[in-house]
Amino acid sequence: MRQQEKQHRQEPETDLSDHHDHDAPANPYHTSDRSEDQDKALSERVARLEALLTQKGLVSRDALDKVVDLYEHDLGPMNGAKVVARAWVDPGFKERLLENATAAIAELGFGGLQGEHMVVVENTAQVHNVVVCTLCSCYPWPVLGLPPAWYKDAAYRSRIVIDPRSVLAEFGTEPGDDVEVRVWDSSAEVRYFVLPERPENTANLTESELAELVERDAMIGVARVAGP
Amino acid sequence: MNRQRTARTEVAEMEGGAALPRKSGEMVFHENWERQAFAIAVNLAERGVFAWSEFQQQLIESVAEAEREDALNPSRGYYESWLVALERLLEKKKLLSTAAVE
């Protein structure tokens, strides 16, 4: 695993466009430490490229904004969290979700895979589900965004199948001995994701408040949803 | 629409050196120009100016080139390699001369 600390430049507090810097992890793809001048030059280079392509009628500001919006805001674990919250408050939706996840998820306006189906598996007091892709890193990204690095690790991909309880314990999840652990292997055709158990003491929460409780790891099945 | 869907699947599922920088499923951009360069490439693929696979291949080469001397310390960041790949592909397609943007 390549790890390299990114040297963070001091940003002016008011520069909200750059707020990502503060929570972005050390990332092997961002190791080059650019000076402000270099960023300015790159920024101008992209602007010139955009202007040239706009002139040729190949891109437009509108279309570019839509792309950014889609990838940055609409394709993330928040979509999955909304699906889970809806299933918790609407039994009819939950039934449709478990029967045909792709169609039910499309009701909320999420989708984007081609022929691949999404399948939702429900955690209960008797069954704990967890998802993997043993061959590569198939992932229901329209609802969960881009997969975490560990999901692609050979270690996770093999160990979760051989010894799921130990791997779950490493994530702090320890289903009781009476709970059956099921491991679902995703493929190019079928993408699984987990409908976690609704935590206790959430009867008073609204659907959007519930959605905020649902983390990505709970939908992969390596974690539970913690109560408020 | 179909082409858009194809592009989306392909963009989201890039592997190895070409894989998108991300955190908890969200994309990570450090500067606005990175966001813009990302959007230009995706938009051009959605419009069929090039196939995503063509861009991906160029990106893989560009990232590998940056890591050739020292994989732990690439000579340029991910989105710089992205921009280089984009310029080269557009150059190949005779859609601009790199000289015009540099």
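## Chain A overall

In this predicted model, chain A contains 12 helices and 4 strands, and 46% of its 228 residues count as buried. The accessible surface of chain A comes to about 11700 Å², with carbon and sulfur atoms contributing 49% of that area.

Where contacts in chain A link residues at least 6 apart in sequence, 68% of them join residues at least 24 apart.

## A:Trp88 in helix 4 of chain A

A:Trp88 lies in helix 4 of chain A, which covers residues 77-89. Its relative accessibility is 14%, and because the cut-off for burial is under 20%, A:Trp88 counts as buried.

Leaving aside residues up to four places away in sequence, A:Trp88 touches A:Leu195, A:Pro196, A:Glu197, A:Arg198, A:Pro199, A:Leu210, A:Val214 and A:Val225. One of these, A:Arg198, is 110 residues from A:Trp88 along the chain, yet the C-alpha atoms of the two are separated by 6.8 Å.

## Helix 4 of chain B

Helix 4 of chain B comprises 15 residues, 78-92, and at 1.5 Å a residue it should span 21 Å, which agrees with the 21 Å that separates its end C-alpha atoms. After this helix comes B:Lys94, whose phi is positive, near 60°.

Because 12 of the 15 residues of helix 4 of chain B are buried, the helix is largely enclosed by the rest of the structure.

Definitions and conventions:
Residues numbered from 1 in each chain as written. Chains lettered and ligands numbered in written order. Predicted model: local features only at pLDDT ≥ 70, side-chain atom pairs only at ≥ 80, totals over all residues. Heavy atoms only, no water. Helix = DSSP H or I, 4+ residues; strand = E, 2+ residues; numbered from the N terminus. Expected span 1.5 Å × (residues − 1). Buried < 20%, exposed > 50% of the residue type's maximum accessible area, 1.4 Å probe, protein only. Contact = heavy atoms within 4.5 Å. Areas by Shrake-Rupley, 256 points an atom, 1.4 Å probe, with all protein chains shown as cover.
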